[in-house]
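Subject: Structure handover

Hello,

Here is the structure we talked about. My notes follow below it.

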Amino acid sequence: MAEYKNKNCKYLVVMGCLVQRYYSDLLKELPEVDLFIKLDEYKNFWQKINDLVENKKVEISKHKNNIKISEVKKLPLPKMNDFFERVITTGDNYAYLKIGEGCSNKCTYCAIPYIRGPFVSRPMEEILEEAQILAEQGIKEIIIIAQDTTKYGVDLYGKSKLAELLQKLSKIEKIKWIRFLYSYPEGITDELIETVANNPKICKYFDIPIQHISNTILKKMNRQTSKENIEKIIKKIRDKIPYVTIRTSLIVGFPGESENQFKELYKFVEDTKFDKLGVFEYSREEGTPAAKLPEQIHHSTKRARRNKIMKLQQEVSNKLMKSKVGKIEEVLIEDEVYKNNKRYLIGRTSHDAPDIDGIVYINVKSDMDGNNLINTFIKCTITDYLNYDLIGKLT
Ligand code: SF4
């Protein structure tokens with residue numbers, strides 16, 4: 001990004017968890033960064049940017065870059081609360097909507113509870129108001145995020161209110177798709193499954209990072225769930241919502257993970273056939289309980305285990321992608337691209353979250369064809385597939 005700054009823009013601003021935790025180290029190590037903003041400084045975001053600009057006596061240039069980030073939009077500050085002014089960096093169609101901050105789950109490998117503190121929900125009216133503002137800016141898809149979205153409301157209202165929040169968000173007319181990410185398995189209630197099953201605006205998409213399946217490892221990770229419960233929840237979701245997409249993420253090489261425990265995980269992935277799956281090698285995070293555990297696994301073993309599961313998932317994914325050929329999908333068209341002198345529109349189905357999942361390439365005949373389709377929903381027939389992406393044609 002520093003190289004990018006030198007060629008394309010004037011400032012490099014870094015914000016987020018790492019800044020909060022390692023502020024003084026980063027200050028020394030990254031002189032090319034013009035401004036660091038800690039988590040507790042977000043409310044002064046614009047002030048800090050203004051100070052940066054004024055000190056350097058140059059103006060911020062609004063620029064479009066050549067990646068898929070459209071011009072930054074600055075939204076007006078809602079009247080009734082004090083969350084910082086909203087900046088959309090994700091383009092014209094979708095925006096993330098944060099419903100809580102922090103995490104109280106204390107998984108033993110994770111540093112987030114130490115950096116961001118316990119889970120704190122945002123009041124529902126405040127979230128709905130922000131969603132309304134996003135909708136008025138033309139956003140069509142809202143993506144609900146928090147460290148664990150299923151905990152939404154527990155601290156404020158005494159019980160999880162995620163299902164109720166989703167129902168209320170779906171009443172905002174201009175919002176067409178609602179997706180929620182990062183659901184802790186134990187937090188997926190019957191009410192939540194019913195809400196997803198019955199509300200046409202809520203994407204039939206569950207992102208459930210299970211991390212592992214061996215009960216011994218789950219316990220060492222301090223995950224408040226078990227193999228049996230995870231299996232039960234996945235079955236329940238698939239029974240209720242036949243055309244559902246389930247994504248998960250896993251950690252391999254957690255301290256003490258034996259060959260047999262890894263095999264158990266491998267078998268589970270093989271049997272469950274997740275629609276989407278990511279695997280991470282365990283990383284020893286400073287200050288976490290797991291970092292102090294004995295039997296840390298050698299990095300070559302972690303790498304080999306990760307590769308093994310990724311290879312397996314590639315086969316699972318290929319079969320799933322193949323089964324989509326011939327189906328008609330609703331696609332949100334977001335961009336266009338030229339490949340081998342051919343022009344394609346690029347879009348996503350409701351089964352694909354931006355950045356992490358696949359896209360659909362839609363072949364169009366001429367340079368003018370489909371010009372008016374960008375930022376709209378269309379129906380397309382899937383004609384072929386690549387590793388993780390689909391190819392289609394307009395229907
Ligand atoms: S892994 Fe997720 S659920 Fe566990 S402590 Fe970290 S943020 Fe919370």
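**Ligand shell**

By class, the residues around the ligand are six nonpolar, two polar and two charged. Ala, Val, Leu, Ile, Met, Phe, Trp, Tyr, Cys and Pro count as nonpolar, Asp, Glu, Lys and Arg as charged, and the others, Gly among them, as polar. The shell consists of Cys103, Asn105, Lys106, Cys107, Cys110, Ile112, Pro113, Gln147, Asp148 and Tyr184.

The model is predicted: local features need pLDDT of at least 70, side-chain atom pairs count only at pLDDT 80 or more, and totals for chains, interfaces and linings use all residues. Numbering starts from 1 along each chain as its sequence is written.

**Domains**

There is domain 1 (2-56), domain 2 (74-324) and domain 3 (328-394). The bounds come from an automatic or database domain assignment. The C-alpha centres of domain 1 and domain 3 are 36 Å apart.

**Sheet**

Three strands make an open, parallel sheet, ordered E5-E8-E9. Strands (E, at least two residues) and helices (H or I, at least four) are DSSP runs, numbered from the N terminus. Pairing takes at least two DSSP bridges. E5 (94-98) and E9 (177-180) are the edges; each has a single partner strand, so one side of each lacks a neighbour in the sheet. Five bridges join E5 to E8 (residues 141-145). Leu97 sits opposite Ile144 in E8.

Best wishes

How values were computed:
Near = placed C-beta within 6 Å.
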